[in-house]
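User: I would like to go through this model and ask what stands behind the terms used for it. Please set each value against its cut-off.

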Amino acid sequence: MSSLPLVSPAALGRPVAVVASTWRTLVFKRLSAMPKLAGVTPASRLDVRPAPQTVPSGVREIDTLTGGLPRGCLTEICGPASSGRTSVLLAALSAATRRQEVCALVDISDAFSPHSAAAAGVNFEKMLWVRCGEIKQKADSPQRHTDTEKKNGKIEKPVEQALRVTDLLLQSGGFGLVIIDLGDTPLKMARRIPLTSWFRFQRAVEHTATVLFVVSQVPSARTCASLLLKVSGTKLSALSCQLSAETSPAHAQLLNGLQVQGELLRSRLERKPSGSVTTAFITKVG
Amino acid sequence: MNQYFACIFVPDFPVEALLRAEPKLRSQSLAVLEGKAPLQKVFAVNENARRAGVDPGMSKLQIEPCAGMVLRARSLPQEAAAHAALLDCAQSFSPRVEARGCDTIVLDLAGLQPLFGALPKIARALSRRASDLGLETNVAVAGTPDTAALAARGFSGVTVIPEGKEAEQLGSLPVEVLLGNSTQESGQLLETFSRWGIRKLRDLAALPHLALSERLGQAGIHLQKLACGATSRTLVPVEPVLIFEEVIELEYPLLLLEPLAFLLGRLLEQLCARLAARALATQELRLCLELENGWQTEDLSTNNGATGVLARPGQSRLFQRTLRLPVPLLDSRTFLKLLQLDLKAHPPGAPIVKIRLAAEPVRPRAAQNGLFLPPSPEPEKLELTLARIAGIVGEDKVGSLELLDTHRPGGFRMQRFAPSEPFSPRRHRDTERDDSDDLVTALRIFRPPVDVAVTMQDGKPAYINCPKNKEMQGEILWVAGPWRSSGDWWEQEAWARDEWDIAVQGEASIALYRLVRDRLGGRWILEGMYD
């Protein structure tokens with residue numbers, strides 16, 4: 001390697017204007033000769049990342065809006081209570097198990113309803129259900145948790161359990177769909193999940209066939225989510241539309257279903273900004 | 001084609017049986033003791049101890065002054081396991097195997113040459129496989145079983161005796177090789193040979209046939225035929241017994257799980273090597289720990305396939321764990337990790353003095369996933385992942401679920417997660433059909449249910465109050481119900497309830513709940529939320 005001096009021309013006592021171009025050439029030559037920079041590809045030659053493969057979410061309207069759930073990416077769906085998030089979750093789960101994929105549900109609030117899932121057509125043989133929460137201890141067990149331990153935070157909280165479980169599931173590999181259900185988690189706790197965890201999850205599923213699906217009240221994964229969909233809750237004006245006539249007695253009324261409004265907040269699958277595109281669909285009581 | 005036989009002989013068999021469990025002692029002087037204290041005597045020694053002047057028959061007191069001498073008590077279970085391993089080694093090559101004592105195995109090599117190559121290659125492969133099973137052996141190949149056995153006892157390493165060269169090659173061996181058992185009769189014969197000045201087998205072979213017969217009878221003739229390699233007999237094959245069990249008897253009680261894992265790892269490696277020698281795998285591991293002190297009985301059954309029993313003092317002092325796997329596996333590291341996680345969740349609770357590990361043999365998985373089948377987790381990784389998750393959330397909170405045939409709310413149970421093999425993919429149009437018309441309104445269950453106070457108006461709930469959660473209280477905007485159901489009235493756990501679907505104005509939107517009145521207890525609960 002040539003040993004070119006990296007000394008300012010001004011310091012050598014020559015006129016700056018005369019030697020400026022020569023100096024720049026020398027610096028570039030020297031930099032390009034450095035071994036650490038030899039393998040760096042210029043930005044202009046970087047290839048465009050191929051679009052991820054997508055799979056149906058089980059909801060035709062959402063597939064039309066988003067193109068489906070991207071494999072190897074983190075998809076987040078958020079919305080308030082009774083907004084239809086869990087119905088979308090079950091639809092995605094049902095579609096994945098119909099494709100013979102092995103799925104995992106990390107249920108932080110232990111809120112999964114087996115009968116709803118059965119009505120949605122979920123194949124339980126293909127679904128691993130992880131119910132987070134305090135581990136039951138026997139009454140005479142010497143390892144029974146004390147109040148002091150609980151106060152000191154020695155007992156793992158459901159969110160922490162869920163993060164560890166998700167890590168294990170993603171590292172294990174082979175799952176077609178991994179769902180983290182933060183639907184009933186208090187906002188304060190959901191916001192405390194460090195961004196590094198979401199980055200880790202995103203990196204773990206990258207270049208794999210796994211769809212990482214997060215259900216929450218507010219966007220939690222932030223920039224790590226490749227697809228962010230917001231479903232909005234039922235308005236009072238719409239309530240009468242989805243119920244049977246109010247004039248009939250209570251025992252004659254039925255909850256027909258939910259009218260769900262979906263809004264695409266972020267999609268990294270397309271180069272152009274997604275903007276605010278909405279869709280609507282109706283779920284039925286099974 | 002000439003018939004050939006191979007013999008596998010383990011010199012100092014009791015020592016080798018112990019060295020399988022403690023291979024680090026191989027470089028040290030080791031003496032195996034037998035008998036009750038204080039009258040223990042040396043039963044067997046390894047080569048280092050022999051060079052140090054220790055011989056079988058010496059008392060413990062005589063050899064204790066020897067520096068660096070390691071003393072171990074004779075372990076019959078470990079010898080039985082070593083013999084079983086030796087049989088596995090031989091039967092992995094040929095089905096016709098004869099056991100001539102614990103330390104000597106003879107096998108028929110008929111038809112093996114097209115499979116394994118030439119005779120020296122087969123002999124080396126036998127030696128290598130025995131070494132994989134933790135046994136240092138002598139292997140000899142000859143035209144008759146007795147010649148092969150003599151050569152294996154006399155020559156170290158691998159020996160191949162071609163046809164017609166038996167007398168020449170066996171001639172250099174000492175006469176003691178012929179009379180291995182130290183019985184009184186063999187002692188007398190040795191003394192006789194010594195008086196005649198016969199030291200080697202070639203000397204015995206050179207004796208006149210008739211004169212030998214006159215002096216020693218048929219026994220002498222038989223010995224001379226053996227020395228010439230001229231005997232002929234039929235092999236007596238043993239029935240293969242598929243028992244895979246390894247045992248370690250500990251000198252000192254083990255208190256910690258870490259050294260226990262170290263020993264378990266060694267046992268598992270030996271078990272897996274034995275199973276692999278027979279082209280088998282296992283789906284069930286049984287661990288039995290003998291404890292120094294007894295403990296209380298505890299039901300350790302779990303839904304992940306592991307069960308355990310801890311015995312009462314006075315009955316027995318055994319701690320047993322059974323690990324059942326959904327698919328046949330043969331990976332000692334996976335087994336070790338699973339056992340570690342299981343023992344961490346269910347510690348034995350007392351010092352361990354003996355470890356017994358058994359594997360139930362099954363045929364290995366012969367499934368190969370198709371190119372176009374959806375991905376699924378590897379069974380080994382999945383088992384480890386499930387065990388680790390069970391350690392985090394609890395064993396009863398991970399698995400797949402099974403709906404029970406009942407109308408009782410919450411009628412399901414958790415079971416072991418074992419996804420079935422993906423079947424041949426149907427056309428994508430079938431599997432990816434749109435189901436928007438069949439979208440189901442999901443219910444999120446509150447576990448445990450939320451107790452609420454309900455104000456009734458005109459026989460309908462009009463206002464709910466939830467002291468613990470203010471989001472779940474307020475005026476009921478809409479109500480549907482009640483839907484009355486009951487069941488199990490013929491049993492003690494009878495249930496009867498009225499269900500209402502209600503809409504309550506939340507902070508951001510309207511929330512739809514399922515409100516339940518327990519008609520037997522009279523309390524109101526929020527069972528879940530429609531979402």
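Analyst: This is a predicted model. A:Arg131 belongs to strand E5 of chain A.

User: Why does A:Arg131 count as buried?

Analyst: A residue is buried if 20 or more other C-beta atoms lie within 10 Å of its own. A:Arg131 has 23 such neighbours inside 10 Å, so A:Arg131 counts as buried. For chain A, 43% of the 286 residues count as buried.

User: Which elements does chain B bring to its contact with chain A?

Analyst: The contact takes 72 residues from chain A and 59 from chain B. On the side of chain B, elements giving two or more residues include H14, E15 (398-403), E18 (443-457) and E20 (474-487) of chain B. H14(B) gives the most, with seven residues. By class, this side of chain B has 33 nonpolar, 13 polar and 13 charged residues.

User: Why is H8(A) called roughly antiparallel to H14(B)?

Analyst: The axes of H8 (residues 158-172) of chain A and H14 (residues 379-393) of chain B cross at roughly 175° and come within 10 Å. Angles over 145 degrees count as roughly antiparallel, which means that H8(A) is roughly antiparallel to H14(B). Residues meeting there include A:Val165, A:Leu168 and A:Leu169 of H8(A), and B:Leu382, B:Ile389 and B:Ile392 of H14(B). The contact of H8(A) with H14(B) has seven nonpolar, three polar and three charged residues.

User: And why is H1(B) called roughly perpendicular to H4(B)?

Analyst: The axes of H1 (residues 13-21) and H4 (residues 76-91) of chain B cross at roughly 90° and come within 9 Å. The range for roughly perpendicular is 65 to 115 degrees, so H1(B) is roughly perpendicular to H4(B). H4(B) takes part through B:Gln78, B:Glu79 and B:Ala82, and H1(B) through residues including B:Phe13, B:Ala17 and B:Leu18. In this contact of H1(B) with H4(B), six residues are nonpolar, one is polar and three are charged.

User: What makes E3 and E4 of chain B edge strands?

Analyst: They belong to an open sheet of three strands, ordered E3-E2-E4 (chain B), with mixed pairing. E3 (41-45) and E4 (69-73) of chain B each have a single partner strand, so each has one side without a neighbour in the sheet. Neighbouring strands here are turned by 40° against each other on average, direction ignored.

User: How do you know that E2 of chain B pairs with E4(B)?

Analyst: E2 (residues 29-34) of chain B and E4(B) share five bridges in the parallel sense, and because the requirement is at least two bridges, the strands pair. One bridge places B:Leu30 with its partner B:Val70 in E4(B).

User: Which strands are at the edges of the five-stranded sheet of chain B?

Analyst: That open sheet runs E5-E6-E1-E7-E8 (chain B), with mixed pairing. Its edge strands are E5 (97-99) and E8 (158-160) of chain B, each pairing on one side only. The twist from one strand to the next averages 15°. E7 (residues 138-142) of chain B is joined to E8(B) by three bridges, and the two run parallel. B:Ala140 stands opposite B:Thr159 in E8(B). H6 (residues 119-132) of chain B lies across E1 (5-9), E7 and E8 of chain B, at about 155° to E8(B).

User: What makes B:Ala6 and B:Ile8 stand out in the largest nonpolar core?

Analyst: This core has 196 residues, and B:Ala6 and B:Ile8 touch the most other members. Apart from neighbours within four places in sequence, B:Ala6 is in contact with residues including B:Leu107, B:Ile122, B:Leu126 and B:Val139.

Methods:
Residues are numbered from 1 along each chain as its sequence is written. Chains are lettered from A and ligands numbered from 1 in the order in which they are written. This is a predicted model: local features need pLDDT of at least 70, side-chain atom pairs count only at pLDDT 80 or more; totals for chains, interfaces and linings use all residues. Axes are lines fitted to C-alpha atoms, for helices over the stretch in contact, and angles run from 0 to 180 degrees between N-to-C directions. Helices (H or I, at least four residues) and strands (E, at least two) are DSSP runs, numbered from the N terminus. Angles under 35 degrees count as roughly parallel, over 145 as roughly antiparallel, 65 to 115 as roughly perpendicular and the rest as oblique. Two residues are in contact if their C-beta atoms, placed from the backbone, lie within 7 Å. Ala, Val, Leu, Ile, Met, Phe, Trp, Tyr, Cys and Pro count as nonpolar, Asp, Glu, Lys and Arg as charged, and the others, Gly among them, as polar. A nonpolar core is a set of buried Ala, Val, Leu, Ile, Met, Phe, Trp, Tyr and Cys residues joined through C-beta atoms within 7 Å. A residue is buried if 20 or more other C-beta atoms lie within 10 Å of its own, exposed if 12 or fewer, and partly exposed in between; C-beta atoms are placed from the backbone.
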